[in-house]
Amino acid sequence: MTDTPSDSPFDFSEQEIEAARVLFQRQATFVMGAAKLEQLPEPDLPEIAFAGRSNVGKSSLINGLVGMHKLARASNEPGRTREVNFFDLDGKMRLVDLPGYGWAKASKTTVKKFQDLGRDYLRGRVTLKRVYLLIDARHGLKSVDTEALDALDLAAVSYQIVLTKADKIKAHERVSVAEKTLKAISKRPAAFPAVAVTSAEKGTGMPELRAEIMRTTETAP
């Protein structure tokens with residue numbers, strides 16, 4: 001299933017893994033980017049959202065989940081994702097790319113505007129099933145991530161940590177950073193008590209993450 005199955009904290013049957021693979025092979029399309037709360041699409045499908053620091057690998061992870069190279073557009077300019085971007089998975093669910101945080105080149109006014117948009121989405125989206133907060137496995141949780149964790153707890157939205165770029169560190173380092181991350185969020189009220197370890201480039205952890213999303217959204221392939 002992956003090159004490092006022991007990294008996964010999840011227990012999925014082969015049938016679930018296969019069903020999730022089939023689900024995420026369905027046609028995925030970009031729907032829209034919303035810069036204002038009133039521009040959001042109707043809440044008529046289950047949604048899962050991805051959040052994280054700029055350059056943490058959100059676009060790569062979304063593309064990896066659906067097996068497409070250019071669905072979500074990556075940028076060399078930190079903080080370019082300044083809208084809430086919606087992707088439709090064949091009418092089954094929506095994948096939502098939230099504005100990145102932690103960039104230094106944008107003005108404080110710009111930063112606040114798009115962070116507020118993300119918070120408003122989190123608080124008011126009735127179809128939002130879970131937020132996946134991406135953390136670079138090479139660095140673990142940083143102080144800049146604390147504000148995001150606090151906002152998720154305040155919004156009372158279930159969220160799960162996903163470590164990205166796991167192929168860039170050794171196996172024992174992956175285990176260590178996953179354990180430290182899990183301990184750091186253990187007392188946070190909205191945190192899901194498991195840490196996913198992934199590499200969009202190598203495919204590590206992706207089958208299990210697809211299965212976790214399928215289970216969370218209660219979506220059939």
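## Salt bridges in this model

A salt bridge here is a side-chain nitrogen of Lys or Arg within 4 Å of a carboxyl oxygen of Asp or Glu. By that rule, the structure holds 14 salt bridges.

A word on the ground rules: this is a predicted model, in which local features need pLDDT of at least 70 and side-chain atom pairs count only at pLDDT 80 or more, while totals for chains, interfaces and linings use all residues. Residues are numbered from 1 along each chain as its sequence is written, and side-chain values use heavy atoms, with hydrogens and water left out.

Let's start in helix α3 (residues 108-124), where aspartate 120 and arginine 123 are 3 residues apart, so about one helical turn separates them. Helices are DSSP runs of H or I with at least four residues, strands are runs of E with at least two, and both are numbered from the N terminus. The side chains of aspartate 120 and arginine 123 meet in a salt bridge at 2.8 Å, N to O. Aspartate 120 is partly exposed at 28% relative accessible area, whereas arginine 123 is exposed at 53%. (Buried means under 20% relative accessible area, exposed over 50%, and partly exposed in between, using a 1.4 Å probe and protein chains only.)

Aspartate 136 and arginine 138 form another salt bridge, with their closest N and O atoms 2.8 Å apart. Here aspartate 136 is buried at 10%, and arginine 138 is partly exposed at 41%.

Lysine 168 pairs with glutamate 201 in a salt bridge whose closest N and O atoms are 3.5 Å apart. This pair links distant parts of the chain, 33 residues apart: lysine 168 sits in the loop between β6 (159-164) and α5 (171-185), glutamate 201 in the loop between β7 (191-197) and α6. Salt bridges that share partners also join Asp44, Glu47, Arg94 and Arg125 into one network.

Aspartate 88 lies in strand β3 (residues 84-89). A polar atom of its side chain is 3.0 Å from the backbone nitrogen of aspartate 90.

In helix α1 (residues 14-24), the buried residues are Ile17, Ala19, Ala20, Leu23 and Phe24. They share one side of α1 because their arc around the axis, taken from the directions to the C-beta atoms, is only 165 degrees. The face turned away from that buried side carries the exposed residues Glu14 and Gln15.

Terms used
Polar contact = N/O pair within 3.5 Å; in protein donor to acceptor, adjacent residues only side chain to side chain.
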